[in-house]
Amino acid sequence: MLKTVRKLVEAAAIGAVALTAFAAVGSAGTLDDLRKQGYATVAVANEPPYSDIKGDGYVTGAAPDVARAVMAKLGVPELKASVVAYGSMIPALLARRVDMATSGLYIKPKRCESIIYSQPDLCGAEAFAVAAGNPHKVLTYEDIAANPELTMTTCAGCAEEAYALERGVKKEQIKVFTDPPSGIKMLQQGRVDVFALSGLGTADLLKKTNDPNIELVMPVKGVPMGCAGAAFNPEDKEFRDAYDAALAELKESGEFAKIIEPYGFSAEATLAVKRDDFCPGN
Amino acid sequence: MEWNWQVVHDVLPQMLQGLVITIEATFIGALLAYVLGLALAILRMSKSRVISLSIYWTSEFIRRTPLLVQLYFLFYVLPDLGVFLSPLAAGILGLGLHFSTYTSEVFRAGIENVPQGQWEASKSLNYSRYQTMRYVILPQAIPPMIPPLANYLITMFKETPLLSAITVVELFNAANIYSNSHYKYLEPMTLVGVFFLIVSVPSAYFAMWLEKKYQRRSSRMP
């Protein structure tokens, strides 16, 4: 009996060592591995229109659609989605649970310390959702900071949380939601006064919720336009550069605009910015 | 992967606040579970079949559905029906309600273990049902129940991270919120584990000690 246990432990140890070795090999030429494998695993947050997972598991939305077109050019025909909260995307990339994150993860200096981005692929304004008539007259994050009675909800680790904290909103005023629809529910039930998220994401949620008691505040003044890109593990610089080259082709041919404009994104706004505007040298 | 004490320093104050919430939720939830559980056990033994059966099916229903689903129901559905609970209140109610169906079984077993003769003796003394319970049955039934009840307290303590799903910032959620914005998981999650251990290992030994103590006493009883 003891012998079997010892054997099992040994086998597990060997397995663990083999896995580590495999992971080390995997990082050498990620793109080659993906070509061989025939698909890439991407992290998405399921926040339409940025990313959207259909009932049958097909991943779509503006960011994955751009990534799918780019990856097809690079010889990887398929994308498989893994739903990851925004706050967990960077750890997922670093731990190589996913090959890339394509979900409208904004390019932010703090994030650039940990991961690398492609050139921007989606830009959009920020928005709030508030009770109809905007009873507390909330138009900016500063308005929330000025009234400590107010509470807001957004996702943990999101750009919106950082915007709020940077502009003087207290930690106690922010109640993070588990997923955006739950955040809207909290607003409907009066658990919070303000719901903050990307403009198009919020607009899409409100359209689906179709509740006359809630209204949209867009754009939120005083915060920069958020620009997202596909995100990669920092060791995958080659992969990222190949991705950038293919993305540039896509932008030039006009195919890019055809993909993102039906989702409500402006190709013009996106083409006007570069990664270096947000994270020089990333 | 390297251990960073600066992260520990940054996250610790938030986690200690979370620990207070965790302990609060555990103890108030346990109190609720004990009181409700005793009530369920007594009602279950009611002579009226309607009461006994409806209690039986209600507790089966609560016990056979996941706590997480019940928490979501209490938090997101009840307000639509006009019952508005704060996150912590919904969490405590959910924990207490869910575990009362387990503790009620402990109470029921404890009560049923009191020899039949004790009931008959109470009857011959013309005790009312309340007096029988209060002065004869429960004083004998409760001591052997204490160890299993203490074990449920520890189980409830370990279930509290579920409350994070309804936005309660308890120990785990406090660490998770920090992790989400700083991309550091090693230190916060290790600390969560350590905190749970610090509380649950001594409690487990305490429960074992209780078990021994009450075993001895009951064996000494004639």
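Biologist: How much helix and how much strand is there over residues 39–267 of chain A, and how far apart are the end C-alpha atoms?

Modeller: Bear in mind that this is a predicted model. Over that stretch chain A is 36% helix and 20% strand, with 27 Å between the end C-alpha atoms. Residues 39–267 come from UniProt, where an unreviewed entry lists them as "domain: Solute-binding protein family 3/N-terminal".

Biologist: What makes domain 1 and domain 2 of chain A, in terms of residues?

Modeller: The domain assignment gives 30–123 + 226–277 to domain 1 and 126–217 to domain 2. Taken over C-alpha atoms, their centres are 26 Å apart.

Biologist: How do you know which residues of the two domains are in contact?

Modeller: Two residues count if their C-beta atoms lie within 7 Å. With that cut-off, 13 residues of domain 1 of chain A touch eleven residues of domain 2 of chain A. On the domain 1 side, seven are nonpolar, four polar and two charged.

Biologist: What makes A101(A) one of the residues picked out in the largest nonpolar core?

Modeller: That core has 121 residues, and A101(A) is listed with V42(A), F128(A) and A231(A) as having the most contacts inside it. Leaving out residues up to four places away in sequence, A101(A) touches V42(A), A43(A), M89(A), L93(A), A230(A) and A231(A).

Biologist: How many residues does each chain bring to the contact between chain A and chain B?

Modeller: Chain B brings nine and chain A brings 15. Helix α7 (residues 171–182) of chain B has the largest share of the chain B side, three residues. That side divides into six nonpolar, three polar and no charged residues.

Biologist: What does the chain look like over residues 20–43 and residues 71–97 of chain B?

Modeller: Residues 20–43 of chain B are 100% helix and 0% strand, with the end C-alpha atoms 34 Å apart. Residues 71–97 of chain B are 67% helix and 0% strand, and there the end C-alpha atoms are 10 Å apart.

Technical notes:
Residues numbered from 1 in each chain as written. Chains lettered and ligands numbered in written order. Predicted model: local features only at pLDDT ≥ 70, side-chain atom pairs only at ≥ 80, totals over all residues. Domains from an automatic or database assignment. Nonpolar A, V, L, I, M, F, W, Y, C, P; charged D, E, K, R; others polar. UniProt positions renumbered as here; feature names shortened; annotations may be inferred. Helix = DSSP H or I, 4+ residues; strand = E, 2+ residues; numbered from the N terminus. Core = buried A, V, L, I, M, F, W, Y, C linked by C-beta atoms within 7 Å. Buried ≥ 20, exposed ≤ 12 C-beta atoms within 10 Å, placed from the backbone.
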